[in-house]
Amino acid sequence: MEITLLVMGKSTSRVFSEAVGDYLDRLRHYVPFSLRVLPDVRNVRNMSALQQKEAEGRAFMAALQPSDFVVLLDERGKEYSSMEFAAYLQGRMSAGLKRVVFVVGGPYGFSPEMYERAAHKISLSRMTLTHEMIRLLFVEQVYRAMTILRGESYHHE
């Protein structure tokens, strides 16, 4: 199974980019993992929140394949402990899925079409976090999940 993190817009922080890159390197030993960055939607200042969500939704939908299992990283999603998230990923791997795509939405969330397309919603926190933080937290949690599933000592419980 391949895991993809689909995001909108480049990171502007060298510190976050380097940390994400470190975890991407670590993940390569466990699972095919990719970070796909879509270009920011243009002219958002002239758009309502709904128009911006719809424009971002069209870009996300164009990046998805019909067979993708889509999971939205959404503040209204289900929260998991690290152990529970590892079990969640194991379940997806056991289901024989080709690709699981986790999507980070824009500042206003997701379009109705993206909510319809998604199989699940997961929340990393009920707090509002920057998109750069979400990227880092998510790749670290996938790495942590892989080490849990392999019985390695990275996670302590």
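Q: Is Tyr154 buried, partly exposed or exposed, and why?

A: Burial is assigned from relative accessible area: buried means under 20%, exposed over 50%, and partly exposed in between, with a 1.4 Å probe and protein chains only. Tyr154 counts as partly exposed because its relative accessibility is 26%. Tyr143, in contrast, counts as buried because its relative accessibility is 10%.

Q: What kind of model is this, and what limits apply to it?

A: This is a predicted model, in which local features need pLDDT of at least 70 and side-chain atom pairs count only at pLDDT 80 or more, whereas totals for chains, interfaces and linings use all residues. Residues are numbered from 1 along each chain as its sequence is written, and side-chain values use heavy atoms, with hydrogens and water left out.

Q: How is pLDDT to be read, and what does the chain average?

A: pLDDT is the predictor's confidence in each residue, from 0 to 100. Where pLDDT is low, the predicted coordinates should not be read in detail. Here the chain averages a pLDDT of 94, and 100% of the residues score at least 70.

Q: How are helices defined, and what span does α2 reach?

A: Helices (H or I, at least four residues) and strands (E, at least two) are DSSP runs, numbered from the N terminus. The expected span of a helix is 1.5 Å times one less than its number of residues. Helix α2, residues 49-63, has 15 residues and reaches 21 Å from its first C-alpha to its last, close to the 21 Å expected. For α5, which has 19 residues, the reach is 27 Å, close to the 27 Å expected. Just after α5, Gly151 takes a positive phi of about 70 degrees.

Q: Which residues of α2 are buried, and what covers them?

A: The buried residues in α2 are Gln52, Ala55, Glu56, Gly57, Phe60 and Ala63. Their cover includes β1 (2-8), β2 (33-38), β4 (99-104) and α4 (112-117). Contact means heavy atoms within 4.5 Å. Ser111, in the loop between β4 and α4, touches Lys53, Glu54 and Gly57, not counting residues up to four places away in sequence. Ser111 counts as buried, at 1% relative accessibility.

Q: How is an aromatic pair described, and how many does the structure hold?

A: A pair of aromatic rings is described by the distance of the centres and the angle of the planes. Rings of Phe, Tyr and Trp (its six-membered ring) pair if their centres lie within 6.5 Å; planes under 30 degrees apart count as stacked, over 60 as edge-to-face and the rest as tilted. The structure holds ten aromatic pairs. In one of them, Phe85 and Tyr88 are stacked, at 6.3 Å centre to centre and 15 degrees between the planes. These two residues are separated by about one helical turn because Phe85 and Tyr88 lie three residues apart in helix α3 (residues 82-94). Both Phe85 and Tyr88 are buried. Tyr143 and Tyr154 form an edge-to-face pair, at 4.8 Å centre to centre and 80 degrees between the planes. This pair links distant parts of the chain: Tyr143 lies in helix α5 (residues 131-149) and Tyr154 in the segment after α5, eleven residues apart.

Q: What surrounds Phe85?

A: Not counting residues up to four places away in sequence, Phe85 touches Tyr80, Phe102, Ile122, Phe138, Gln141, Val142 and Ala145. Phe85 and Ile122 are 37 residues apart in sequence and 9.5 Å apart in space, C-alpha to C-alpha. One aromatic cluster is formed by Tyr80, Phe85, Tyr88, Phe102 and Phe138.

Q: Which charged end sits over the ring of Tyr143?

A: A charge sits over a ring if NZ of Lys or CZ of Arg is within 6 Å of the ring centre and within 35 degrees of the ring normal. The charged end of Arg26 sits over the ring of Tyr143, 5.2 Å from its centre. Likewise, the charged end of Lys78 sits over the ring of Tyr80, 5.2 Å from its centre.

Q: With which side chain does the side chain of Thr4 make a polar contact?

A: A polar contact is a pair of N or O atoms within 3.5 Å; within protein, one must be able to donate a hydrogen and the other to accept it, and residues adjacent in sequence count only if both atoms are side-chain atoms. The side chain of Thr4 makes such a contact with the side chain of Ser34 (3.1 Å). Thr4 is found in strand β1 and is buried, with a relative accessible area of 2%.
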